[in-house]
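Student: I have a structure open and have not looked at it before. Can you walk me through some of it?

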Amino acid sequence: MTETSFSLRTLEGDDVARKICDNCGFVAYENPKIVVGSVVRHDGRILLCRRAIAPRQGYWTIPAGYLELNETPEDGARREAREEATAQLAIERLLAVYSVPRISQVQLIYRASLAEPTIAPGIESQAVDLFAWDDIPWDELAFPSVHWALNHDRAAQEGAPPVPFTNPDGATGNTMPDGRALPVGEF
């Protein structure tokens with residue numbers, strides 16, 4: 001049995017150093033993670049989940065998480081809503097595509113509604129609730145992209161063209177919209 005050994009090298013014609021197997025030449029590409037989620041509306045209110053897990057435990061977020069292998073983004077968004085809020089979704093359309101390069105994420109966020117009016121905390125949530133716009137706990141939202149998604153959903157609700165939104169100008173997810181830095185080691 002051959003022992004596997006990797007070294008960091010740059011392939012000819014490439015400009016990125018990559019882990020390459022010293023025995024067979026296999027290149028271990030490291031690619032961004034895909035996150036899928038939804039801004040979910042019901043009776044004019046928005047579904048939020050209080051995180052029971054790190055990072056940002058105790059903060060509110062939209063139902064979202066990593067896309068699994070062999071899963072469509074829409075199915076992943078529906079699964080995340082089931083896992084976090086026991087919610088059954090009706091996906092309406094793609095709302096936004098966000099890029100968060102510092103943590104190598106691409107986020108696909110959908111507009112959705114509850115297919116059934118029942119919600120409850122899933123294993124990854126301390127609590128779930130439906131919030132009117134003026135009652136959203138803005139200072140307790142977990143991530144910059146949650147702010148972006150909620151504001152983009154509101155713009156869509158008010159008649160913005162049905163094209164996907166992207167990061168606000170100059171925003172890369174390094175800080176919250178009010179300029180606060182995220183704690184070190186957290187998304």
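Predicted model: local features only at pLDDT ≥ 70, side-chain atom pairs only at ≥ 80, totals over all residues.

Tutor: Strand β2, residues 17-21, is joined to β3 by 2 bridges, and the two run antiparallel.

Student: Which residue is the bridge partner of I20 in β3?

Tutor: V27 is the bridge partner of I20.

Student: And how many strands form the sheet?

Tutor: The open sheet has 3 strands, in the order β1-β2-β3, with antiparallel pairing. The edge strands are β1 (6-10) and β3 (27-28), each of which pairs on one side only.

Student: What holds strands of a sheet together?

Tutor: Strands in a sheet pair through backbone hydrogen bonds.

Student: New topic. How many disulfides are there?

Tutor: The count is 0 disulfides. For C24, the nearest cysteine sulfur is that of C21, 3.7 Å away. A disulfide needs the two sulfur atoms within 2.5 Å, so C24 is in no disulfide.

Student: Is C24 buried or exposed?

Tutor: C24 is exposed, because its relative accessible area is 59% and the cut-off for exposed is over 50%.

Student: What about C49, buried or exposed?

Tutor: C49 is buried, with a relative accessible area of 1%.

Student: Now D178. Where is that?

Tutor: D178 lies in the segment after α2 (144-157). Its relative accessible area is 49%, so D178 counts as partly exposed.

Student: Which side chain does the D178 side chain have a polar contact with?

Tutor: That of R180, at 2.7 Å.

Student: And how far is D178 from D139?

Tutor: They are 39 residues apart in sequence, and 9.3 Å apart in space from C-alpha to C-alpha.

Note on methods
Residues numbered from 1 in each chain as written. Heavy atoms only, no water. Helix = DSSP H or I, 4+ residues; strand = E, 2+ residues; numbered from the N terminus. Buried < 20%, exposed > 50% of the residue type's maximum accessible area, 1.4 Å probe, protein only. Polar contact = N/O pair within 3.5 Å; in protein donor to acceptor, adjacent residues only side chain to side chain. Pairing = 2+ DSSP bridges.
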